[in-house]
Amino acid sequence: MSTDAIPATGADTPADDYLAKRTLRSGSAGWVLLAGLGVSYVISGDYSGWNFGLAEGGFGGLLIAAIVIAGMYLAMVLGMAELSSALPAAGGGYTFARRALGPWGGFATGTAVLIEYAIAPAAIATFIGAYVESLNLFGITDGWWVYLAVYALFIGIHLGGAGEALKAMFVITAIALVGLVVFAIAAVGRFDVANLTNIAADPAATGSSSFLPFGYMGIWAAIPFAIWFFLAVEGVPLAAEEASEPEKNVPKGIIVAMLLLVVTGAVVLVLVTGALGAQDASASGNPLVEALGDSPAAKVVNYIGLAGLIASFFSIVYAYSRQTFALSRAGYLPTSLSVTNSRKAPMLALIVPGLIGFALSLTGEGAMLLNMAVFGAAVSYVLMMVSHIVLRVREPNMPRPYRTPGGIITTSFALVIAAASVAATFLVDQKAALFTLGVFCAFMAYFGLYSRKHLVAKSPDEEFAALAKAEQELE
């Protein structure tokens, strides 16, 4: 690792000046805001996207996949709660992997997370377009205007600073949760058990039945869509440098968010499918609204559903900017991306991935973009769980204000399911998965050929790693 303070910007610039231009506003969030952040990352997944899994596995396949994936996320969140209490930095998963797996592992994890967070808003933008079109707002029928508006508006709000952005996000998320309550109350009266299994069974599929119309393989194929119920909750540690008492509040925030998301995911999976029918729900762009028909509640949920999609879009913009900021500050990506403005918001880290996401949203292929985001997420989960196991074995005495119940047994379970999830993305859309893999490899090539020789020694993540190395040498 290079020991130059700022090799990408000139060796004569003092390190203190370099870091002063790359500082976030600390103390902006307690555990309640952090829990709200975790829910907001994911809440759009309750409103749209997950239902495409019905076309892959039917209700039974998606239900089983969702139970397995919920277990994986719960185990993973418990592991990340420990890591975030021990290593509270804006890099999140990248910071953990950098300490455990070295620069290559750290960058690989950060890249996978960045792919997830850069692509997920593009998928959500297409779902926002579907909701806006169904409401006939402003007479819009062409989604690209909507995509441009949401990217420009919410990046602009984030440029105003983290405290303001997180508070706005919390309000939007609360509205989205109210929408789920309204939906649940209205959908109960329309529920019909027969609707859960109205997809015809494929006689050629092994193990097919009315419950598993596409057989056992349908369970595996439904996994990427089950992940949409929880995708991005792992981004809570990215707010560590802007949280008050991060060693306490980040673990508490991410665990509370995960428990709430288990409840909301179960509610929409059962009630949407039971009210609308698995067949119709499997291709719907706004399934909660269609499940309520032409009722007054449908109109309410449609408007509030838009708020839910906006909440996730808004918060994942925050997440990708912090991941980009952390990788840039440490020299893994061009260091200009981590310069902050007078409000301590990373300007280019917000704008550049946003431009890429907007370009991807123009494809209009929400399901494809979802699968690409899930690929990046699943790869990062594998690497983060490996990091937890490695640090437990190699650094058993590292201070851990919070410790994962079950230790490495818990995170080993998450590791196995995450690895299966990576493979599942190839079952759903092989071209999309291969394209995303190609992008991942291109990032790794950039690191191998250039940025690994230009790392910033005094960035927080590199200092965590240097401290660990010094401690090991002393021992």
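At what angle do helix α5 (residues 93-135) and helix α14 (residues 366-394) pack, and how far apart are their axes?

Reply: In this predicted model, helices α5 and α14 pack at an angle of about 160 degrees, and 8 Å separates their axes. Because angles over 145 degrees count as roughly antiparallel, α5 is roughly antiparallel to α14. The crossing of the two helices is left-handed. Sorted by class, the residues in the contact of α5 with α14 comprise 25 nonpolar, 7 polar and 3 charged ones.

A residue of another helix, Y147, may be considered next. Y147 lies in helix α6, which spans residues 143-158. With a relative accessible area of 8%, Y147 falls under the 20% limit and is therefore buried. Leaving aside residues up to four places away in sequence, Y147 touches A125, T126 and G129, as well as F358, S361, L362 and G364.

The setting is the chain as a whole. Its secondary structure consists of 17 helices and 0 strands. Of its 475 residues, 60% are buried. Among contacts with a separation of 6 or more, 84% join residues 24 or more positions apart. The accessible surface of the chain amounts to about 16,800 Å², and carbon and sulfur atoms contribute 67% of that area.

Terms used. Residues numbered from 1 in each chain as written. Predicted model: local features only at pLDDT ≥ 70, side-chain atom pairs only at ≥ 80, totals over all residues. Heavy atoms only, no water. Helix = DSSP H or I, 4+ residues; strand = E, 2+ residues; numbered from the N terminus. Buried < 20%, exposed > 50% of the residue type's maximum accessible area, 1.4 Å probe, protein only. Contact = heavy atoms within 4.5 Å. Areas by Shrake-Rupley, 256 points an atom, 1.4 Å probe, with all protein chains shown as cover. Axes fitted to C-alpha atoms, helices over the stretch in contact; angles between N-to-C directions. Parallel < 35°, antiparallel > 145°, perpendicular 65-115°, else oblique. Left-handed = near helix turned anticlockwise from the far one by under 90°. Nonpolar A, V, L, I, M, F, W, Y, C, P; charged D, E, K, R; others polar.
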